[in-house]
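Trainee: I am new to this protein and would like to go through it step by step. Could you walk me through it?

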Amino acid sequence: MILLELGVEDLAKYPFLKEAGNYIRERGLSLEDISQPDFSKVIQRAKKRVLQAIRLREVSGEIDDPEVEIFSFPLALMLVKATKLDHLVSRFSLAEAMRVEKLLEGEREELVVQIFRNVLKIDLTPVKVEEGSFPAFNYKISIMDYLKRATRFHDIEWKLVNRVVYQGYVYLKTRQLIRLIRQEIDDMIRGRLKDLAVPRLPESLEKTVKEIAMFSPPPPKMSDRVKVTPDRYPPCVKTALDMLKKGDNLPHYGRFLLTTYLVNIGSSIEEVMSLYSRSPDFNERITKYQVEHIAGLRGGRVKYTCPSCRTLVTHSFCFKTKECDDIKNPLQFGRQKFQGEKRKGKKGWMKRQQRS
Ligand code: SF4
């Protein structure tokens, strides 16, 4: 496998690459050095990265000075982690993922292939025009690689039957391919943040952390109605709610489960929407459309039911506890227990009536 020689501009665009880490190590600078006035541009760009994530939900792809870009990425990670705000971690990783997504869309083919292979472990093949078969597409990936990712999407566009499939490969345009892996880039950046140990910061950087924390939005709140009965929700739904509460980017299947579950137990569209409103990638119009669609108020006017426990296991979104018993669907969770409680309550009420 021939590895591309990466230039400083490439590292500036993709500072999460191993080569960018090596570049930083070779310079041998300490955090103390970076906090000095000579590196004020790096601190300013790191702060800007985080503030753009907070305000615009997307970090800009500008590259005025490649070295500033390379150094400001790990520094921004450190500033975010130092705030100890879980929901900021989610917002930042997604905003950085969006930046990478835009840059990859215009990237040269060989580098896209290399990043996919080395970072995401996906073998990607550019579609050559001379192949003649599918000139409208830019890349092909194996059906397995495609399915692993496409099941996160609810839109019909991503179903395999609506894709061009030939000899074990799915053919994609660059934009579709990049959209397919947004979550993985987000996860990769989030993983870096999770593993990052923040050392004692120099005073000037501590000041920057405080400023960032001041501008950060408050952690998401759940609606009162949802707060009242969380003890009755199955573990998978509780996990989905916890993720939203922390501002984590809930994967597609978690969203589908949460929305179908709440819609089916009678929550209103507004209540469900309010849960997502602080999600890092919240878009009111799209969320409303999706929730209404699931509730059967749009399109074919069919109300979706909750995915089965078996399907949730397949999508790694089952967090089974012994209370789950042998139920087949999260909507059955605790039904017997609560029906028993209801009956007990009724009996108690009848006894009290008889005694009076
Ligand atoms: S068994 Fe079913 S209800 Fe329980 S956590 Fe798994 S998916 Fe949810």
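**Overall make-up**

Mentor: Buried residues make up 33% of the 356 residues in the protein. Please keep in mind that this is a predicted model.

Trainee: How many helices and strands does the protein have?

Mentor: There are 18 helices and four strands.

Trainee: And what share of the contacts with a separation of 6 or more is between residues 24 or more positions apart?

Mentor: Such residues account for 73% of those contacts.

Trainee: Let us turn to the sheet. In which order do the strands lie?

Mentor: The order is β1-β2-β4-β3, in an open sheet with antiparallel pairing. β1 (124–126) and β3 stand at the edges with a single partner strand each, so one side of each has no neighbour in the sheet. From one strand to the next, the twist averages 30 degrees.

Trainee: What holds strands together in general?

Mentor: Strands of a sheet pair through backbone hydrogen bonds, in a parallel or an antiparallel way.

Trainee: How many bridges are there between β2 and β4?

Mentor: Strand β2 (residues 139–142) pairs with β4 over four bridges, in the antiparallel sense. Within this pair, Ile141 has Val170 of β4 as its bridge partner, and Tyr139 stands opposite Leu172 in β4.

Trainee: How many join β3 to β4?

Mentor: Three bridges join these antiparallel strands.

Trainee: Is Gln167 buried or exposed?

Mentor: Gln167 is exposed, because the count of other C-beta atoms within 10 Å is 7, and a residue with 12 or fewer is classed as exposed.

Trainee: Which other residue has a positive phi of about 50 degrees without being a glycine?

Mentor: Asp325 does. Asp325 lies in the loop between α17 (309–314) and α18 (335–355). With 13 other C-beta atoms within 10 Å, Asp325 is partly exposed.

Trainee: Back to the sheet. Where is Asn138?

Mentor: Asn138 is in the loop between β1 and β2. It has 18 C-beta neighbours inside 10 Å and therefore counts as partly exposed.

Trainee: What does Asn138 touch, leaving out residues up to four places away in sequence?

Mentor: Asn138 touches Pro126, Val127, Leu172, Lys173 and Thr174. Asn138 and Pro126 are 12 residues apart in sequence, while their C-alpha atoms are 5.8 Å apart in space.

Trainee: Which strands does α8 touch?

Mentor: Helix α8 (residues 143–150) packs on the sheet and touches β2, β3 and β4. The direction of α8 makes about 85 degrees with that of β2.

Trainee: Now the helices. What can you tell me about the length of α11?

Mentor: Helix α11 (residues 203–215) has 13 residues and reaches 19 Å from its first C-alpha to its last, close to the 18 Å expected at 1.5 Å a residue.

Trainee: Which residues of α11 are buried?

Mentor: They are Leu205, Thr208, Val209 and Ile212. These residues cover an arc of only 100 degrees around the axis, so they are on the same side of α11. They pack against α4 (40–56) and α5 (66–83).

Trainee: What is on the face of α11 turned away from its buried side?

Mentor: That face carries the exposed residues Glu203, Lys210 and Met214.

Trainee: How many residues of α6 are buried?

Mentor: In α6, 15 of the 20 residues are buried, so this helix is largely enclosed by the rest of the structure. The end C-alpha atoms of α6 (residues 86–105) are 29 Å apart, which agrees with the 28 Å that 20 residues should span at 1.5 Å a residue.

Trainee: Last topic: which residues have the most contacts inside the largest nonpolar core?

Mentor: They are Val50, Leu75, Ala76, Leu79 and Val80, in a core of 51 residues. Leaving aside neighbours within four places in sequence, Val80 is in contact with Val50, Leu88, Val89, Phe92 and Leu193. There is also a second, separate core of 25 residues, which includes Tyr233, Cys236, Ala240 and Leu258.

Terms used. Residues are numbered from 1 along each chain as its sequence is written. This is a predicted model: local features need pLDDT of at least 70, side-chain atom pairs count only at pLDDT 80 or more; totals for chains, interfaces and linings use all residues. Helices (H or I, at least four residues) and strands (E, at least two) are DSSP runs, numbered from the N terminus. Two strands pair if DSSP finds at least two bridges between them. Axes are lines fitted to C-alpha atoms, for helices over the stretch in contact, and angles run from 0 to 180 degrees between N-to-C directions. Two residues are in contact if their C-beta atoms, placed from the backbone, lie within 7 Å. A nonpolar core is a set of buried Ala, Val, Leu, Ile, Met, Phe, Trp, Tyr and Cys residues joined through C-beta atoms within 7 Å. The expected span of a helix is 1.5 Å times one less than its number of residues. The arc is that of the directions from the helix axis to the C-beta atoms.
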